[in-house]
Amino acid sequence: MNSIKPAAEFKLTQALFLIYAILLMSWIPRFPEIKAHLSLSNGEFGTLISTGAFGAVASLFLTGHMVHKYGVKRVILANTWIMGFAYFFIVRADSSGFFLICNVAIGWSSSAFHISINAQSFNAMERVKELTMARLHGMWALGTLITSIVSGLIANSVNIVWHINGLAVTITLILTAIVQRLSPVLVKPNQNEDAHLPLKDIFTSFRVDWLISTGLLCAVFLEFCTGDWSAIFAKERIGVSSSLAALPYVVFMLAIIIGRLNAGILAKRFQIHNTIRLFALVGGGGFITFLAITVQIPPAHKYIALITICIAFTFAGVGASLMAPTFYTAANRRSPMPSAVVVGQIGVINMIAVFILKSVVAWTAQFTGSLAIALTIPALLLMATTFFANAVKAD
């Protein structure tokens, strides 16, 4: 018999998402400092940040099968510690080469953690009926919001090494304790040896749901770009301080949280595929409109420009809010494979495409001299999600 009650499992599973996000996203508001420290251009920095996709793709290809064979506990604990070490050292990097190694490790471990907790969540939903992917992704967004606010507030007063190193140590220990507490209900290894795929079969059994994969890419790419570029845009294009530069990302995540935590209400009132279409058009269109307004505001009125870019990212957050949990839930429903494998296989296609598109955005900003022009690319992709909305339609 399980030694953990559903109520406790409900809280601890949400805590995994929340606390993981606090570490994962903690350094994003401080990207301008990292970029300046490494003396990189927009194109070089954008490409270097994108290298995390190499580790992520390898992880997404293999971790689902590792969870299936070894169970969630072993996989999540190993990658919690890899992630903690990688964050501890990456902010100490004085060269692009060392930064790249740490960034690839972060890509691997964060993707492995992502697969593990999503697989565990699908399993937990069978016992904890009020648990939903939208709520869990909402908790992830709440963790991101918390860390964005804190990072912005302390950017001018706390050294980035002390900030990220302190979080890396503390959160690694907290996550380890939560996983140990959840041990009785964590997904166990598959004991049927016939169900374990040989390494070569991991590749030959790979299947792509193109509707889901392409729709998910269009839906979430603006979220990736917001993390990479919102603070840099506010600091370098608008000219605000490091603390205020975190504000666009904060309002973006706040909009995502509100959307995800109210997903249940929306699902009861409207069909999910119609909601996805509406959010994609309103989110992408609103973002482009207020981004265009922002770049027309003279430098002397930088605080007005900060307000308009925050409105732009609010539209983006609302538009992106329901996308990831909805597409992942649909993918799991449409596939006969274990949920960890489904999440991993979708992620492989997604991360390869994200790496390419991130580089396109970075070098568009470099060659045009305008980050605003580059940011219209993910906004247009968000609007294109409308073409894939039928893929999430419930049976």
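**Close-up views of a predicted model**

**View 1. Helix H1, a mostly covered helix.** Of the 19 residues in H1, 15 are buried. This is a predicted model, and in it H1 takes in residues 6–24. From first C-alpha to last, the helix reaches 27 Å, close to the 27 Å expected at 1.5 Å a residue.

**View 2. Arg127 meets Glu9 in a salt bridge.** Here is one of the three salt bridges that the structure holds. The N to O distance between the two side chains is 2.5 Å. The pair links distant parts of the chain, with Glu9 in helix H1 and Arg127 in the loop between helix H6 (96–124) and helix H7 (133–154), 118 residues apart. Glu9 is buried at 2% relative accessibility, whereas Arg127 is partly exposed at 32%.

**View 3. Glu33 and Arg30 form a salt bridge.** Their closest N and O atoms are 2.8 Å apart. Arg30 counts as buried, with 0% relative accessibility, while Glu33 is partly exposed at 27%.

**View 4. Glu236 pairs with Lys35 in a salt bridge.** The closest N and O atoms lie 2.9 Å apart. Because Glu236 sits in helix H10 and Lys35 in helix H2 (residues 31–38), the pair ties together parts that are 201 residues apart in sequence. Lys35 is buried, at 9% relative accessible area, and Glu236 is partly exposed, at 44%.

**View 5. Gly239, in the loop between helices H10 and H11.** Look for this glycine between H10 (210–238) and H11 (242–245). Gly239 is partly exposed, at 35% relative accessibility. Leaving aside residues up to four places away in sequence, Gly239 touches Ala234 and Lys302. Leu306 is 67 residues from Gly239 in sequence, and their C-alpha atoms are 9.1 Å apart in space.

Methods:
Residues numbered from 1 in each chain as written. Predicted model: local features only at pLDDT ≥ 70, side-chain atom pairs only at ≥ 80, totals over all residues. Heavy atoms only, no water. Helix = DSSP H or I, 4+ residues; strand = E, 2+ residues; numbered from the N terminus. Expected span 1.5 Å × (residues − 1). Buried < 20%, exposed > 50% of the residue type's maximum accessible area, 1.4 Å probe, protein only. Contact = heavy atoms within 4.5 Å. Salt bridge = Lys/Arg side-chain N within 4 Å of Asp/Glu carboxyl O.
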